[in-house]
Amino acid sequence: MFAPNALARLARLYNIQSSYRDGLGQLRQASTDAILQILRALGAPLQRFDDADDAWRQRRQALWQRVIEPVIVVWQNQPAMLKIRVLTQLAETRISFRILLDSGATVEGNLRENPATKSVAREVEGSRYVTRRLIGPAPLPLGYHRLYLRIGELEVDSYLFCAPPQAYTPTETKKRWGLFCPLYALHSEQVWGAGNFSDLDRLVEFTASLGGHAVATLPMLANFLDEPFNPSPYAPVSRLFWNEFYLDIERIGELQDCAEAKTLLTTSSLITDLEQWRAAPLVQYRRVMARKREILTALLRALLQSSAQRRDDFENFIATHAVAQDYAEFRAKTEREQKIWIDWPMDSREGKLHGSDFDDFAKRYHLYVQWQCAEQIAAVSANARRGSAALYLDFPLGVNRDGYDVWRERSLFALGMNGGAPPDGLFIRGQNWGFPPLHPEAIRQQGYRYYIDCLRHHMGSAGMLRIDHVMGMHRVFWVPDGFSATDGAYVHYRAPEFYAILNFESHRHRVQIVGENLGTVPDAVTAAMAQRKFLGMHVGQFGVNADPNHALDAVPANVVASLNTHDTATFMGFWQEKDIDDSVDLNLLDSDQADTQRRYRATQRDALVAYLRAHDYIGADNSAAAVLRGWLIFLAGQPTEFILLNLEDLWLEPAPQNVPGTWQERPNWQRKAQYSIEELRGLASINDVLTTISDIRARMV
C-alpha cells in the first residue's frame, strides 16, 4: 500500500489542490472520497485508495510520454519557446517544424536549442527521458495555428496560440460610466410583462443621451422556459445562442403581412393576459413565452409560404449555421420528449439524432428565432456604437447540465462534478452552483474551440465583456455530486492559455475585458489580471468600514466600480439590513450572529454618513436618498476607469434580483423594475443624479 500521502501526490499530478484556506481563513482538507471522485472525473485509473500507487505511476509515465503540450502560447513578437520530452536516444536529433497558420499559409524550418537552458534527464518506469528546450521562429502572426514537429521518425503536433500580451484597451482616456439592469426587469409601456431587445435599445439611448458610455445586463442566453424549466441567466441551455424570450414581436419583418399573427395579437384573451402580465411584479416566463411562441410560429409559417427576399435570407442563415441546425434539432427533440437528454433513448442521448426523432417544423422554429435574435441584437449593438455607448455583456462561467452544450460537447465537461465556492463570510456553508465544470485537459486537446466559439458569440455584439468568476481561468472549486460544498477541492487550469484567447479575441472584436474577481480570490489572480490589462471589480458595499475617518476603501484605477452587484443587496437593502433579515429567514444566521451583524451595520451607516458629510458629499440631510447620492458622487470622483450604477438603486429599490444559494425559496431572476423606461425619462430626481455623475466623470482625465 502507498504511503499516507499517496492520494495527495496523485492529486498534484492532476493539478488538484485538495488543501486550501476558505473565505473565512480556515484551513480545509477535502475528504478521501471527494478526492477519489474528482480524480476519476479527470480520468485517473483508480477506484479506491489502494489504487493510488499504480495510478500515480501511470500518470507520471503518461506525462513523460507526452512529447509536447497540446497547447503552446507565444506572445506577440516573441519567439516560440518549446519544451519537449523525448527518449534519450533522441536527445541530439535534429527537429524540423511546420506551422500551419490560421490564414492557411505555412512556415517551415528547424528548431534550435535554447542556449540559456540545460537538458534534464529522468528515468521513468524503466525508460530514460530527456527534456529539451527549443526556440522557434519569430515573429509569428497573431492567431490560432497548428505546430507539427518531426524528431527523427517521430511526428507530433500541438496547437500554437500567438496572442497580444495584453487585452484590448480603448484609446480614449476619459473616465466612463454606465447603467446596469437585467433585461427581463426592464419594461416599457407596450412590453409583454418583461423586457425585450427593443427595451435594451431604449435604455442604451437613454444612457447615451445623458453622456453615459455603456449599458450592462445579465446573460441573455437561451433558457429552458417550458419543460424542463430554469430561467436563471447563469444556467443557460447554451453559451452559443440567444434567448428568444427577449424578441420584440413588433420588430419582426413578417408581421406586416401576416394576417394570422395580427389576429392573434388583437384577441381579447391576449389583451387580458398582457394587462395581467404588465401589472404583475414578477415576470411570468412560462405564460409569456407560450404566447410569444404562438405569434412566432404564425410568423414562421408566413415566411415559409412566401417567396420574398427574407425567405432567401432565412435559408441562407440555415445553410451557413450548421451548429444552429444541430442546436435546433436538440431543442426540438427536448420538446418531443418533455424530459432531459440524460433520459432519452441511447442513440439520442449519445448525440445521434435522426429526422424521425423530432418535429421538423419545431426545428425550423428554433432556427427562425435564432435568426431573429441575431438580427435584433445586432441592431441594438450597432445603435449603441453609433451613440458612443457599448453593450456590457456578461459571459457566464457555466451552462445548464441538461442543455445543448453539455449534450453535444459532453467530453469537455466533468460530469458528476459541480462548480462552486468554499465557505466565506456571505455563504458559511459554501456554494454548489449545480453545473458541470469544463474538463481542463479535454478543452486543451480540442484547442479550446468550444470556448472560443462561445466568446465570439458574445464579442460580436459587445463593447465590454464581463467574465463571470474570472478565477475560473486559474482554478475552479469542484464539488462532487452528493457532497457538500464544504468538501470540495480546487482543480487548476492553464491560465496563460485562457489569457491568450481572451487577449486575441478582445483585440479582434475591440472589446474591453472585465474580470469578476470578487470573493475568495488569490492575490496572484488579481495581479495576473492587471498584467493582462483586464479590469477588475470593486464593490463599494464590501468596502464600508466602521471608522468614520476611513469609512470607504480607496477605489483602484483599473476596475469597474459599483455599489453592489446582482448577487448582493441593493443600496436600500444594505441600508435597511434586508440582507441580514434574509440570511436569518434562510437559516444562514442564528439570532446572535444576526444581532452582531446588525450592530456592525449600524456602525457602518454612522461612519458612512460622517465620512460623506466631512467631505461635503452630503449636507445636513442624512436620509437614504441623500446618502445614496453622496456615495455615488464620491464614486464618480474616484480615479477608477469605469463606474457602473445599478438602475434600481436610483429609486431606492430594497429587494435584490437574486439571493445566491436559493432556488424556489426566493423569486430569483423574476422581479421587474418599478418604473418603465418611459417613466424614467420623466423622473427628475434620477435624471439629476445621472447628469451630475456624467458631469463629474467628463471633467476627469
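**Backbone exceptions, sheets and a helix pair**

Asparagine 587 lies in the loop between α18 (578–585) and α19 (591–614), where helices (H or I, at least four residues) and strands (E, at least two) are DSSP runs numbered from the N terminus. The model is predicted, so that local features need pLDDT of at least 70 and side-chain atom pairs count only at pLDDT 80 or more, while totals for chains, interfaces and linings use all residues. Residues are numbered from 1 along each chain as its sequence is written, and side-chain values use heavy atoms, with hydrogens and water left out.

Most residues other than glycine have a negative phi, and most peptide bonds are trans. Asparagine 587, although not a glycine, has a positive phi of about 65 degrees. This asparagine 587 is exposed, at a relative accessible area of 58% (buried means under 20% relative accessible area, exposed over 50%, and partly exposed in between, with a 1.4 Å probe and protein chains only). Tryptophan 669 is also not a glycine and has a positive phi of about 60 degrees. Its place is in the loop between β26 (642–646) and α21 (677–682). Tryptophan 669 is buried, with a relative accessible area of 7%.

One joins alanine 138 and proline 139, with omega about -5 degrees; proline 139 is in the loop between β10 (127–135) and β11 (143–151). The peptide bond from glutamate 227 to proline 228 is cis as well, with omega near -5 degrees, and proline 228 is in the loop between β15 (224–225) and β16 (229–230).

An open sheet of eight strands has the order β23-β20-β17-β14-β13-β26-β25-β24, with parallel pairing; two strands pair if DSSP finds at least two bridges between them. The edges are formed by β23 (512–515) and β24 (536–539), each with a single partner strand, so one side of each has no neighbour in the sheet. On average, neighbouring strands of this sheet are turned by 25 degrees against each other, direction ignored. Within the sheet, β17 (residues 391–395) and β20 (residues 464–467) run parallel and are joined by four bridges. Leucine 393 stands opposite leucine 465 in β20.

Five strands make up another open sheet, ordered β4-β12-β11-β6-β7, in which the pairing is mixed. Here β4 (71–75) and β7 (106–110) stand at the edges with a single partner strand each, so one side of each is without a neighbour in the sheet. Strand β4 runs parallel to β12 (residues 154–163), and five bridges join the two. Valine 71 stands opposite tyrosine 159 in β12. Helix α15 (residues 495–509) lies across β4, β11 and β12 and runs at about 55 degrees to β4.

Helix α20 (residues 624–636) packs with helix α22 (residues 684–698) at an angle of about 20 degrees, the axes being 9 Å apart. This makes α20 roughly parallel to α22 (under 35 degrees counts as roughly parallel, over 145 as roughly antiparallel, 65 to 115 as roughly perpendicular and the rest as oblique). Axes are lines fitted to C-alpha atoms, for helices over the stretch in contact, and angles run from 0 to 180 degrees between N-to-C directions. In α20, Arg629, Leu632, Ile633, Leu635 and Ala636 meet Asp688, Val689, Thr692, Ile693, Ile696 and Arg697 of α22, contact meaning heavy atoms within 4.5 Å.
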